[in-house]
Number of protein chains: 2
Amino acid sequence: MTETMARPPLDKKVISRLTEIFGEDRVLTNNTDMITYSYDASFETQLNPRKPEVAVIALSTEEVSECVKLANEYKIPVYPRGAATGQTGGAVSTKGGIMMDLSKMNRILDIDHRNMQVMIEPGVIQNDLNEALKPYGLRFPPDPGSANMCTVGGMVSNNSSGLRAVKYGVTRHYVLGMEVVLPTGDVIVTGGAHSKALKSVSGYDLAHLMIGSEGTLGIVTRLRLKLLPLPVTRGIVLCSFKELEDAGAAVNAVFSSGLQPSAIEIMDFNCTKAVNMMKPELNLPIDNEAILVFEVDGAKEEVSSQVTRLKKVVEKYASYIKFSDEPEECEKLWQARKLVGAAVGLLKPGGFRVYGGEDICVPISRLPETLREIHNIADRYGIVCGIYGHVGDGNLHTGPVVNSNNEVEMENVQKMIDDIHDLAIKMEGTTTAEHGVGIVRAKYMDVEHGPAMDIMRAIKKTLDPNNILNPGKMALPN
Amino acid sequence: MTETMARPPLDKKVISRLTEIFGEDRVLTNNTDMITYSYDASFETQLNPRKPEVAVIALSTEEVSECVKLANEYKIPVYPRGAATGQTGGAVSTKGGIMMDLSKMNRILDIDHRNMQVMIEPGVIQNDLNEALKPYGLRFPPDPGSANMCTVGGMVSNNSSGLRAVKYGVTRHYVLGMEVVLPTGDVIVTGGAHSKALKSVSGYDLAHLMIGSEGTLGIVTRLRLKLLPLPVTRGIVLCSFKELEDAGAAVNAVFSSGLQPSAIEIMDFNCTKAVNMMKPELNLPIDNEAILVFEVDGAKEEVSSQVTRLKKVVEKYASYIKFSDEPEECEKLWQARKLVGAAVGLLKPGGFRVYGGEDICVPISRLPETLREIHNIADRYGIVCGIYGHVGDGNLHTGPVVNSNNEVEMENVQKMIDDIHDLAIKMEGTTTAEHGVGIVRAKYMDVEHGPAMDIMRAIKKTLDPNNILNPGKMALPN
């Protein structure tokens, strides 16, 4: 357990004031609870958990505001936290202080289907929201892999996306407005104090400053989200390529044809192997460098036509194609992609899959080169890994698999993670496409952004002069 | 001519320094040129033009940066300007100072079709960009009515959109990164200093703070834009409704059916009348309260299927339907919508169309009520107007038509504009969906945003401590 507190411990007065705000039941200080709050899904916090001094479970904007006011008065750090599915240490303490658990602020406040929008609290789980929207034929499109666990508030803080960003965009595109508790405890509403408009250019769009700021500028307490109609059905084209370059060419050819797939996913040979191990009946071709899985969506007739067109475009490049617009067969083809995250762990007996260097994004044209180079890096350190990702965006998820009791491997995988991040920048890419910066990628920020970092720090200082909100993240002041 | 200078006139030293930066040919001070720069497309600046003291024509980032440094040293206002097609006075001087003409920074620097992106200077005209992209089967989707004149830099500064925002989103969604000269003259690059990634969540996304800030926080000197494939073809369904409520119900039914039209446009009875006057052969039905024009796009077969589905959905509500998926016939049907902006001027012999209160946006469910109420307001002031707009977003363009030599009418139309803005806020909408705030809507900002305005002002102050960039706009410091 890392004890990183560079501050005097919390005044007893503070605990008693917190109890006044939240009631005794929702102010936690015992060690077991603090351990629970000491990590998220990142490799880093699994290795080095970081305990807060107290955790509070918020149920209302007023409570959040009162707590932040108190923290600001005493200059105590506050760490907003949703479901802690993040992979960057974004939702853990860096120097004691108050953990603000928002997962119980999970009410869907208003499904305004006629106006294609919904008002929710930040703790609503993505899947729960979409289940509630289904009867209205609507949905909130961003779909991270953790959709059945992650909170929408967390998605907004990280600007999450997922498989279907290539057609439907990222979380940012669906935020119409938000209520935010600022680091002073003041509450503002962005996008118009009482607006239900679907489009506005009135004033600076402060929501867009908050989105992706990982809880360092404010704590979101309400979200007004734009919804889209549910697509009626989908079709899948799964194809395999002798060489990575052919897969790249196929992706370009699909875009040039005017097709707009709802997902374009890549799996390398190791992922293919792993999926076959998990589900031998899928019997994916293993002598090839990459598999692409395309999804198209829309009404039945349109999907059928798109699948035919897509197949025609990719067959020039692929050595193997399967396709369908029948729901059951689609589900089967889709399984290959669906299982890959869990399957990569099988690449090494007794190994576990590390989340680190797992979210780089490079220009599409440099994907083949990048995939090869990641495998070179992995070989250099003797690490097994599978690579998959959202190839239409250039977003690659590398899954290194290690044995936690192998010290050399544990050291080497960290070096490998560093090298992958460096590679991303060298390839004119970014260290993170959808998972965020948090603690683990803070060290790359200056290289990635140059002088723009000064402006990020100046804005942080303006909104949070006492640096109480989620300090020590994103290479902002510690 | 409004002379609003509350500052001592420019030092001669400043002019001589400007001449060093730009060369003599590109530093303009004569009165004729100053008049040219004294207005944009807004009613307000046509009534009250505002002259700068000097105009400079920038050709490079270095020149922009040097000029801003100089302005910051002497605390002289700088007003960035593209094609001045804006309708809010956003690109005119408020207190003398330097007009920065960016329209000649109009190079397309890199069409990177394999990576679905383009790098341009801010002065590129929207249409020119799309013409250059056509051979690659790509396009930059945001499509304001002024696309054949407006600069992309201006579109970014206002976060413009247009007819197809309902499917393709707004300008914001296509900005991957930008080079910006800050009010200090420092230059930053957002979205990664050397990145060509299509997706990134690394750091605060400063581009999104700049987008829609109307040149008050920085001057954009390069833009990295995301592109989409060109749709192959389109289909049109034009339908007419006895009552506004039926038109509203039809829009909701279309969304509920899972269809995603690329445009959903509304025209009220006055617009219908005006279009028939301009083009009698269109012979639009005039005994109805509203016409809707739906556009769908995609591949031939898919469009054909979508048109059929769409027709089936709307025929329950409409009293008249025409539809096609043949290019020529589509063009004819589309003309109804295309002509409306120019046609409304015909509603009053010798009248001219006022841009003011022309860009409100309300929740879709309140559109019928809002349309009726706008006509009530117009009747109250004895003003003729046509209303059209992007109904899928709730965005209404009101076109009042007046005689400029009728003093009562000229006074009344201003009152009408105020009432329309108040109505927008009352209807849980916004005063501006895509045109911006500038000078003309500054007075509604505090009502619309409440305490969020304090944060906008604080950010402005942090980035522009001397308040030199486009002062007196958006209810930021004057």
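Predicted model: local features only at pLDDT ≥ 70, side-chain atom pairs only at ≥ 80, totals over all residues.

Guide: What follows is a close look at one strand. As for the bookkeeping, residues are numbered from 1 along each chain as its sequence is written, chains are lettered from A and ligands numbered from 1 in the order in which they are written, and side-chain values use heavy atoms, with hydrogens and water left out.

Our part is strand β13 of chain B, residues 263–268. A strand here is a DSSP run of E with at least two residues, and the numbering starts from the N terminus. So how covered up is β13(B)? Mostly: six of its six residues are buried. Buried means under 20% relative accessible area, exposed is over 50% and partly exposed lies in between, using a 1.4 Å probe and protein chains only.

Now for the side chains. In a regular strand they alternate between the two faces of the sheet. In β13(B), B:Ala263, B:Glu265 and B:Met267 point one way, B:Ile264, B:Ile266 and B:Asp268 point the other way, and all of them are buried.

Next, the neighbours. Two strands pair if DSSP finds at least two bridges between them. With strand β14 of chain B (residues 290–298), β13(B) pairs in the antiparallel sense over six bridges; there, B:Ile264 has B:Phe294 as its bridge partner. Strand β18 of chain B (residues 384–390) also pairs with β13(B) in the antiparallel sense, over three bridges, and B:Met267 has its bridge partner there in B:Tyr388.

How values were computed. Helix = DSSP H or I, 4+ residues; strand = E, 2+ residues; numbered from the N terminus.
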